[in-house]
Amino acid sequence: MRPSSILTYSMALSLAMTAASFTTTAALAADKISIMVGGYEKQIYLPAKLAEALGYFKDEGLNVELLNEPAGVDAENEMLAGAVQGVVGFYDHCIDLQGKGKFVESVVQFSQAPGEVELVSAKHPEIKSPADFKGKSLGVTGLGSSTNFLTQYLAVKNGLKLSDFTSVPVGAGQTFIAALQQDAIQAGMTTEPTISHLLKTGEAKVLIDMRTMAGTKAVLGGTYPAASLYMQASWINDHKEETQKLANAFVKTLHFINTHSAAEIADKMPKDFYVGDKEGYVKALENGKAMFTPDGVMPEDGPKTVLAVLSEFSKNVQGKTIDLSKTYTTEFAKNAK
């Protein structure tokens with residue numbers, strides 16, 4: 001073989017090997033499904049880590065990577081940018097995003113109540129209702145997050161304007177606790193196990209409780225679907241098989257939650273989720289376990305309640321025609337095996 005032929009052959013072989021390597025890498029990348037969780041240590045998002053711990057993703061032949069992001073709004077942005085395929089976060093983002101012309105659907109509905117509490121610092125007994133938020137700094141996980149949405153709703157429903165208070169993004173867990181201790185916030189919305197920790201230390205008191213169905217209906221006027229797995233409608237349509245497998249894993253997880261004690265569930269979770277107080281973690285889960293749906297199906301009356309809440313204050317939905325049927329799907333949860 002002449003030198004020029006050898007060179008041509010070598011180059012062709014090199015290109016072929018590179019292409020094969022790229023194809024293999026691309027295939028592996030396609031096989032992995034990345035899901036960003038808006039704080040996977042929060043009990044409201046417990047199904048994500050529990051499904052992983054129970055091995056349900058592997059049972060479905062899925063390679064699922066769970067990524068932690070304290071604020072749901074940032075997780076949403078990662079999904080829209082294509083960095084992740086799904087988000088475990090609040091359903092209200094699906095409605096909010098449609099108002100911006102982006103179509104996202106809740107595939108599996110984890111909960112039918114927010115599991116959130118508005119806590120007031122023990123240093124500020126003058127705050128007796130959301131009407132007293134005027135002039136105060138209020139903690140939320142992130143600006144544009146679901147905790148921010150709910151905080152704005154509570155204030156507006158109690159006669160305030162959005163300019164009457166300041167929403168401060170403080171995350172959850174230790175960062176929320178530190179902000180309260182340092183008086184950077186006078187009140188704030190958070191979840192378990194942060195709630196129980198601050199109540200136990202006496203540093204905060206409950207102002208508004210949305211951990212139960214009854215409490216949620218009293219405050220928000222109806223069933224409020226919250227934690228969910230949501231994904232871009234285009235990705236769902238192009239990956240129906242993978243979407244169904246994800247639904248299978250999560251619906252099995254919800255069934256596990258509904259058929260096991262809080263202590264049994266807690267035993268499956270990473271020990272650092274207890275924040276040094278397993279007994280408190282179990283008790284909080286025991287009290288809040290009823291917020292989880294038994295089957296992952298969207299409650300029929302839920303989307304209307306969420307739209308009504310957002311319509312009170314959000315410019316993204318006010319005056320817009322929102323097609324609620326395009327903000328969720330029950331197809332996969334109902335077909336889950």
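Guide: Take a 1 Å grid over the protein atoms alone. A pocket is an open set of points where a 1.4 Å probe fits, with protein on both sides within 12 Å along at least five of seven lines. Lining residues have an atom within 4 Å of a point. Points are joined across faces, edges and corners, and a volume is the space filled by probe spheres set on them.

Guide: This is a predicted model, with residues numbered from 1 along each chain as its sequence is written. Local features need pLDDT of at least 70, side-chain atom pairs count only at pLDDT 80 or more, totals for chains, interfaces and linings use all residues, and side-chain values use heavy atoms, without hydrogens and water.

Visitor: How much space lies in the second largest pocket?

Guide: Its lining has 14 residues, with Glu41, Gly173, Pro193, Phe273 and Val275 nearest the centre. Helices H7 (174-181) and H8 each give two or more residues to that lining. The space in this second largest pocket is about 190 Å³.

Visitor: Which helix gives the most to the lining of the largest pocket?

Guide: Helices are DSSP runs of H or I, at least four residues, numbered from the N terminus. The largest pocket holds about 310 Å³ and is lined by 16 residues. The top giver, with six residues, is H13.

Visitor: How many charged residues are in the lining of the largest pocket?

Guide: Asp, Glu, Lys and Arg count as charged; Ala, Val, Leu, Ile, Met, Phe, Trp, Tyr, Cys and Pro as nonpolar; the others, Gly among them, as polar. The lining has five nonpolar and five polar residues. Its charged residues number six.

Visitor: Is lysine 49 buried or exposed?

Guide: Lysine 49 sits in helix H2 (residues 46-53). Buried means under 20% relative accessible area, exposed over 50%, partly exposed in between (1.4 Å probe, protein chains only). Lysine 49 has 15% relative accessibility, so it counts as buried.

Visitor: Which residue's side chain does a polar contact of 3.1 Å join to lysine 49?

Guide: A contact means heavy atoms within 4.5 Å. Not counting residues up to four places away in sequence, lysine 49 touches Tyr40, Leu66, Met269, Pro270 and Phe273. A polar contact is a pair of N or O atoms within 3.5 Å; within protein, one must be able to donate a hydrogen and the other to accept it, and residues adjacent in sequence count only if both atoms are side-chain atoms. At 3.1 Å, the partner of lysine 49 is glutamate 52.
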